[in-house]
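The following exercises concern a single protein chain.

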Amino acid sequence: MKSLQELVRPNIWALKPYSCARDEFKGLKADVFIDANENPYSNGVNRYPDPLQEQLKQMISPLKGVPVDHIFLGNGSDEAIDLPFRIFCRPGKDNVVAIDPTYGMYEVCADVNDIEYRKVSLDEHYDIDPDALLAACDENTKLLFICSPNNPTGNAFQREKIEKVISNFQGIVIVDEAYSDFSVQKPFRFDLQKYPNLIVLATFSKAWGAAGIRLGMAFASTDIIALFNKVKYPYNVNVLTQKKAMEILTNVTLLQRHITMILEERVTLIKSLGLLPICKKVYPTDANFILVKVTDADSIYRYLVQKGVVVRNRNRVHLCGDCLRITVGTKDENTKLLSALRQYV
């Protein structure tokens, strides 16, 4: 890869970050806080949160197998997706490359930041072509996005193919592993020492069952994490989110049980969907959702909404004509879905 200084926008490299009150006494003990113009009367949220979420990271680190100084926490994965654009990409000059179809926020962030977004189509089996991805890059390509397991297709890509991209790309490769807890494939967050140009994304919104608290994770080299912390807003993860996340992390057994239940329901749902007359194909999945090709996605989607069941219509997404994306729900939710589909005429 190019050196980090070559990749980072010059203004970001020279940026002097905002120094919040809580940063200035780090490592010292105090019991009187009259430095940040807060209301002194306690109501549980009158104080600013820890800007670097140290206590929460200490809990995440052993669970994810990543050292604390290699972890960034953000306001949802959206912040962790947006920051690399702001750090590495010069508006109107640089570009990024991504597989297609994939998670739509990559393109939205590119558009917001005035960055050219280059799509490289998956093949008919929803697989990646490393050579095609690398061929789409040029001197101004700063980022390359690979979501694995991918959204909306559900499949995880072969590690060897992703490794080829990481090893041969001169910029930053972002591997989004939002759904990795549902896959048997070894996560790339364990390879940070091997690949200094790698950023791995994860989230509390899927397997962790905490979409409502908006907490995303990024794992990368200490140098890249330092850049994230340099550019992020000072108190990007609020007190309530940090507290709730720590509460969730005290019951990992429940988390694992829910993952097991989802995987069991996934098997049952795949088999049942494949038997329906309206189902043309159920695609293999490594995620907590299933992509299904049906006879008429638009009509079936509208019908399900009338029945009180909401799935995701992906009919207008590249390579996903007449496809519905169905999240694996509870046994009762899946039963209601299947019952409705069996009555569809």
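**Exercise 1.** Determine whether Gln-53 is buried or exposed, and state which residues it is in contact with beyond its neighbours within four places in sequence.

*Solution.* Step 1: recall the cut-offs; buried means under 20% relative accessible area, exposed over 50%, and partly exposed in between, with a 1.4 Å probe and protein chains only. Step 2: apply them; Gln-53 has a relative accessible area of 1%, so this residue is buried. Step 3: locate Gln-53, which is found in the loop between α3 (21–24) and α4 (54–64). Helices (H or I, at least four residues) and strands (E, at least two) are DSSP runs, numbered from the N terminus. Step 4: list the contacts, where contact means heavy atoms within 4.5 Å. Leaving aside neighbours within four places in sequence, Gln-53 is in contact with Leu-73, Asn-236, Val-237 and Gln-242.

Two remarks on the model apply throughout. This is a predicted model, in which local features need pLDDT of at least 70 and side-chain atom pairs count only at pLDDT 80 or more, while totals for chains, interfaces and linings use all residues. Residues are numbered from 1 along each chain as its sequence is written, and side-chain values use heavy atoms, with hydrogens and water left out.

**Exercise 2.** Describe the sheet of 7 strands: in what order do the strands lie, and which are the edge strands?

*Solution.* Step 1: recall that strands of a sheet pair through backbone hydrogen bonds, either parallel or antiparallel. Two strands count as paired if DSSP finds at least two bridges between them. Step 2: read the order, which is β1-β7-β6-β5-β4-β2-β3 in an open sheet with mixed pairing. Step 3: identify the edges; β1 (71–75) and β3 (116–121) each pair on one side only. Step 4: examine individual pairs. Strands β2 (residues 95–100) and β4 (residues 141–147) are parallel, with 4 bridges, and Ala-98 has Phe-145 in β4 as its bridge partner. Strands β4 and β5 also run parallel, joined by 5 bridges; here Leu-144 has Val-173 in β5 as its bridge partner.

Step 1: Helix α9 (residues 222–231) lies across β1, β5, β6 (198–203) and β7 (215–219), at about 30° to β1. For these angles, axes are lines fitted to C-alpha atoms, for helices over the stretch in contact, and angles run from 0 to 180 degrees between N-to-C directions.

**Exercise 3.** Explain why β5 is largely enclosed by the rest of the structure.

*Solution.* Step 1: count the buried residues; 5 of the 5 residues of β5 are buried, so the strand is largely enclosed. Step 2: consider each face. Ile-172, Ile-174 and Asp-176 are buried on one side, and Val-173 and Val-175 are buried on the other.

**Exercise 4.** Describe the sheet of 4 strands and the helix that packs on it.

*Solution.* Step 1: the order is β8-β9-β11-β10, in an open sheet with antiparallel pairing. Step 2: the edge strands are β8 (279–282) and β10 (312–313), each pairing on one side only. Step 3: β10 is joined to β11 (residues 323–327) by 2 bridges, and Asn-313 stands opposite Leu-324 in β11. On its pairing with β9, β11 has 5 bridges, and Leu-291 has Arg-325 in β11 as its bridge partner. Step 4: helix α12 (residues 297–306) packs on the sheet, touching β9 (289–294), β10 and β11, and its direction makes about 35° with that of β11. Step 5: the buried residues of α12 include Ile-300, Tyr-303 and Leu-304, and their cover includes β9, β10, β11 and α13 (331–342).

**Exercise 5.** Which residues touch the most other members of the largest nonpolar core?

*Solution.* Step 1: a nonpolar core is a set of buried Ala, Val, Leu, Ile, Met, Phe, Trp, Tyr and Cys residues joined through side-chain atoms within 4.5 Å. Step 2: among the 75 residues of the largest core, those touching the most other members are Leu-133, Phe-204, Leu-273 and Leu-304. Step 3: another core, of 33 residues, lies apart from it and includes Leu-4, Val-8, Ala-98 and Ile-199.
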